[in-house]
Amino acid sequence: MSVAQVLETEKRAIGVETIGMTKIFGNLKALDDVSIRVKPGTFHALLGENGAGKSTLVKCMMGFYQPTRGEMLVNDRAGSVPNPRAAHALGIGMVYQHFTLVPSLTAAENLVIARADTPTVIDWGKERKALKAFLETTPFKVPLDVPVSGLSAGEKQKLEILKQLYLDQRFLILDEPTSVLTPDEADEVLGLLRAMTEAGELTILMITHKFREVTAYADDVTVLRRGRVVGAGRVQDLSVADMSRMMIGETEIRESATRVEQPLKKLKLELAGLFADDDEELPAIEAISLKIHSGEILGIAGVSGNGQSELIEVLSGQRLLKHGRIFIDKQPYEPQRDQMDRFKVFGFSEEPLRNVAVPRMSVAENMAFRTFDKAPISPFRGWLSPMPMRRRAKELITAYRVKTPSTEEPIENLSGGNVQRAILARELSGDVDVLIVANPCFGLDFASVAEIRAQIMEQRNKGAAILLVSEDLDEILELADKVAVMSEGRISYQSAMAETDRATIGHAMAGHH
Amino acid sequence: MADTTETPGFAVETSMASDLPERFRRSAEFVVIPLLALIVSGILFSVFLALLGKSPVGFFALVWKGGFGTSFSWQNTLVRAAPLVFTALCVAIPARLGLVIIGGEGALVLGGFAAAAIAIPMIDWAPTFLLLGVMAIAGMLAGGIWIGCVGALRHYRGVNETIASLLMFYIAVSILNFFVEGALRDPSDPNKPSTRPIGSDNMIGVIPGTDVHWGLLVGVLLCGLLYLLMNRTTFGFAAQVAGGNLRAAQSQGLPVGKLMVVSCAIAGACAGLAGFFEVAAIHGKANASLVAGYGFTGILVSFLARHNPLVIIPVAIFLGGIAASGGLVQRRMDLPDATVLVLQGLLFVVILVSETFYGRLSIFQSKGEA
């Protein structure tokens, strides 16, 4: 591919079609006879819950997986993709949910090294000129000479897309591209992509679960459920209710718990001027001061990477608190085991296998993390008795409807929703006074999301003080009594939920306030 | 299987289908891979021998004969297995926390030295049981503090425990040499610089009817005890949590630093005990002979046993046998003594490579779970 080719961008969009795509893993039919047609120059949304087969489908299209049956047409010609390189050669590129850029290199360097034909000795003067010329042809503007680590999430996402365009991929698969962006950034990126599809320069297949993005930007939509196409059509002919019914099917979704008015609000958790560093020993959070009362959910909104995860780590003992103090019931609190028990502090977060569970240990063991050193699992000091541990796990598995073959299954073999339910069972089955929650529904299916949100609300109604950090603004709008916005490690905005709205919070997230 | 879960996830549904053969297949991995590694290293070593113009078959026959063929060779094997059991524990216990400690040899050397050194002023008056008791405690303390420091360095200062423990081995040897060739040298022994012998009356005896000293039995008991500690106590559970996922352990408020230091101290005490037995049952004094490589072979034992204290026992005997056959191989095949070290080295490299195959070989997985 040469730069000259890149320059001729008119009407170069590619159409891709799958016919009867089927992929079988062991006993599981991940894809069952999936035929979708993405016409050139359209913006196509791929909807479906987690585990519905969306990722399997695009991985088959990208050549990461070989379909068990079925074929793929590229511009109406049979195209075989034995590996991702073949997909690239056909002009099919993918932008992943997480960034794949090298943070220490500049945008220009990232683009040039991504090319398959990068020469051994790079003539940077020439490359830079070619890059500038290339950038002229796209609507995306990204500073070329700043290390990627210094770019905002929106700029990084634009650079990821630019990289695909630079590699001359004219069929872009986007995997939840806006999950790391502010609402404004998301609108900008999707708007630009939309314009490129309208100009016939690009075809987009976007995996998403945000209906707002589908109705605002997509031309067509395909809905997958349990590996099958359960609905497809033009977005303008479908209502959000139609699409959501297709996605969920007959599954019963738990009603969201009603917010019970709390009569007497006692100050429970107080964060007083918290400071902490990130892994590079640069300030990550600065002067975080918050007050949370019993029976109250304080939601912390913000774009990922603005210090929320560091704050959660400080509160859960995973990161050193540099300055400041935490008080519970006006007493100083440190996240150590005895104090967690005394003050009844619990918590859970996104990616439980990474943050709060041990993947290789069994479901029963993971469920016993809070109780293994107390009777009945530890009948006397130091001893551990597996029988009561298993019995307790069985009760919790039933009560929280965790789907697992047995109590002894390594927890990593469970699906995301079931891992999170197992953790919920561990953290919420006792008395909870303080609950610290971070992105609890990240990557989970509708049923689990509804269940988890209802449980959080239930704890609030029972009088727990809840700190909810979420990158999903809708989650905060649904659950929180008060909202705070984190931006660059500081609390940049605080308000009672009744006195604010989505747009105000969104602007605060972008740093305008 | 079209399972009607409300949360369709790949993993759950495949594991739902797991029946007995499936489970067997999964656990078979932990037997088959080490066995394959043994066979592969045997083949590689055969190539090495063939290049030297020696017969691989003859070699393995001699190893069998020298290690396990006669009651004499069995006893020789078991004597060598005893310190390996202890030094393997020195690797296995911290491994539960995800720490790779390779400096057990240092703890062994210092443990043996401390035992011999503390005995010097006591030899003339102390009864045997008191002398041996004090020596054992000194050995364990020295080893425990030594490796405990490695754990503390790791937790409080972030120093890599593998490198630290290896470098501290050299310091340990230097400490031994410094005293044995200096202040604590026994003037009555003109040949090899050594500490004062504890006297043959004070030496630990052999298990009746054998030439094997009691250290082996103590090692076997210790393996059982530490197995219980790691699998049936809250300490072991907490260590497993911390080793499996540090962040999870922290979020549960577990005292990660304490767990690390204590595990390392226990590990060092095991290696120190090996040094004590080498002094009190074999050499009768501390000298450079303590640096015999048991600490390093122990690493191999623990990795082969996948850090399971109960599996350490047979593996230690197996490797003890290989070591025991070294003399016979040397005499009969005209090969240098280091030949068995080559075999051990090959074994270790192949074992380390084989570690990367767990969970990757498709025959052990549910079909098609790529």
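## Packing of helix α9(B)

Which helices of chain B do the buried residues of α9(B) pack against? They pack against α8 (215–232), α10 (246–251) and α11 (256–283) of chain B. Contact here means that C-beta atoms, placed from the backbone, lie within 7 Å. Helices are DSSP runs (H or I, at least four residues), strands are E runs of at least two, and both are numbered from the N terminus.

Helix α9 of chain B covers residues 234–244 and is mostly covered itself: eight of its 11 residues are buried. Those residues are B:Gly236, B:Phe237, B:Ala238, B:Ala239, B:Gln240, B:Val241, B:Ala242 and B:Gly243. A residue is buried if 20 or more other C-beta atoms lie within 10 Å of its own, exposed if 12 or fewer, and partly exposed in between.

## Model and confidence

This is a predicted model: local features need pLDDT of at least 70, side-chain atom pairs count only at pLDDT 80 or more, and totals for chains, interfaces and linings use all residues. Residues are numbered from 1 along each chain as its sequence is written, while chains are lettered from A and ligands numbered from 1 in the order in which they are written.

The predictor gives the complex an ipTM of 0.79 and a pTM of 0.77. Chain B has a mean pLDDT (the predictor's confidence in each residue, from 0 to 100) of 87, and 90% of its residues reach 70 or more. Residues 1–18 of chain B stay under 50, with 51 contacts beyond four places in sequence. Residues 366–370 of chain B are also below 50, with 10 contacts beyond near neighbours in sequence. Where pLDDT is low, the predicted coordinates should not be read in detail.

Helix α15 of chain B runs over residues 339–355.

The buried residues of α15(B) are B:Thr339, B:Val340, B:Leu343, B:Gln344, B:Leu347, B:Val350 and B:Ile351. They cover an arc of only 145 degrees around the axis, so they lie on the same side of α15(B). The arc is taken from the directions from the helix axis to the C-beta atoms. On the other side, B:Leu352 and B:Val353 are exposed.

## Chain A overall

Chain A has 18 helices and 20 strands. Of its 513 residues, 47% count as buried. The C-alpha trace spans about 70 × 50 × 45 Å along its principal axes.

How values were computed
Two residues are in contact if their C-beta atoms, placed from the backbone, lie within 7 Å. The expected span of a helix is 1.5 Å times one less than its number of residues.
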